[in-house]
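Could you walk me through this structure, starting with how the chain holds together and ending with its surface?

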Amino acid sequence: MSKVLQMRLVVEVEDHDAAIAFYRDALGLDEEAAFEGDGDARVMILDAGRATLEIINPAQKRMIDEVEVGRPVAPKFRLAFEVADAAATTQNLTEAGATLVAAPIQTPWRSLNARLEAPDLQITVFQELDPAAGGLVQEPRD
């Protein structure tokens with residue numbers, strides 16, 4: 001049986017330079033490789049750390065939207081990035097041009113999640129919380 005060695009999400013973006021500035025420079029994904037071809041064809045491969053494929057049904061999608069945002073907003077595909085500091089990352093990304101959909105909020109599964117509209121994608125940035133930590137975080141929405 002063959003085992004998958006890597007997963008790549010390939011995203012077509014309208015403004016390549018803006019997307020690189022956002023994902024590489026603001027979010028901090030490391031550049032693995034970049035290539036150019038005829039007709040202004042360009043690709044940059046960014047290292048996003050460990051990749052997982054999260055498969056959810058419509059009810060789970062609605063529940064996540066309700067917890068993170070308070071209303072249905074997610075498209076069929078959304079990226080989620082684990083970060084060390086969700087609040088600081090959210091601020092950095094909004095300063096880099098992302099639109100804040102929902103500020104960081106503590107989820108029932110003990111993470112601090114924020115939702116943003118980034119170049120050509122909707123994303124969640126999340127920080128896993130230490131159950132013993134007593135940090136101040138907003139409680140889940142009613």
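## How the chain folds back on itself

Among the contacts in the chain with a separation of 6 or more, 53% are between residues 24 or more positions apart. Contact here means heavy atoms within 4.5 Å. This is a predicted model: local features need pLDDT of at least 70, side-chain atom pairs count only at pLDDT 80 or more, and totals for chains, interfaces and linings use all residues. Residues are numbered from 1 along each chain as its sequence is written, and side-chain values use heavy atoms, with hydrogens and water left out.

Now for the parts list. The chain has 3 helices and 6 strands, and reading along the sequence gives the pattern α-β-β-α-β-α-β-β-β. Helices (H or I, at least four residues) and strands (E, at least two) are DSSP runs, numbered from the N terminus. Along its principal axes, the C-alpha trace spans about 55 × 45 × 30 Å.

## Inside and outside

Of the chain's 142 residues, 31% count as buried. Buried means under 20% relative accessible area, exposed means over 50%, and partly exposed is in between (1.4 Å probe, protein chains only). The accessible surface comes to about 9600 Å², and 52% of that belongs to carbon and sulfur atoms. Those areas come from the Shrake-Rupley method with a 1.4 Å probe; for residues, only the protein chains shown count as cover.

You'll find threonine 107 in the loop between strand 4 (99–106) and strand 5 (111–118). Despite sitting in a loop, threonine 107 is buried, at a relative accessible area of 2%. Setting aside neighbours within four places in sequence, threonine 107 is in contact with Val67 and Asn113.

## Two partly exposed spots

Alanine 48 is in another loop, the one between strand 2 (41–47) and helix 2 (58–68). With 45% relative accessibility, alanine 48 counts as partly exposed. Leaving out neighbours within four places in sequence, alanine 48 touches Leu29 and Phe81. Alanine 48 and phenylalanine 81 are 33 residues apart in sequence, with 7.9 Å between their C-alpha atoms.

Glutamine 91 belongs to helix 3 (residues 86–95). Glutamine 91 is partly exposed as well, at 48% relative accessibility. Proline 119 is 28 residues away along the chain, and the C-alpha atoms of glutamine 91 and proline 119 are separated by 16 Å.

## Charged pairs

Side chains of opposite charge can pair when their charged atoms come close. This structure holds 6 salt bridges, a salt bridge being a side-chain nitrogen of Lys or Arg within 4 Å of a carboxyl oxygen of Asp or Glu. One of them joins arginine 42 and aspartate 17, at 2.9 Å from N to O. That pair links distant parts of the chain, with arginine 42 in strand 2 and aspartate 17 in helix 1, 25 residues apart. Arginine 42 is partly exposed, with a relative accessible area of 32%.

What about aspartate 65 and arginine 115: are they buried or exposed? Both are buried. Aspartate 65 and arginine 115 form a salt bridge whose closest N and O atoms are 2.9 Å apart. This pair also ties together distant parts of the chain: aspartate 65 is in helix 2 and arginine 115 in strand 5, 50 residues apart. Elsewhere, salt bridges that share partners join Asp17, Asp40 and Arg42 into one network. Arginine 24 and aspartate 25 make a salt bridge too, with their closest N and O atoms 2.7 Å apart.

## Patches on the surface

Patches are made of residues with over 30% relative accessible area and no salt bridge; like charges are joined within 9 Å, and nonpolar side chains (Val, Leu, Ile, Met, Phe, Trp, Tyr) within 5 Å. Glu12, Glu14, Asp15 and Asp120 form a negative patch. Lys and Arg count as positive and Asp and Glu as negative, while His and the chain ends are not counted; the place of a charge is taken as NZ of Lys, CZ of Arg, CG of Asp or CD of Glu.

Leucine 53 is located in the loop between strand 2 and helix 2. With a relative accessible area of 65%, leucine 53 is exposed.
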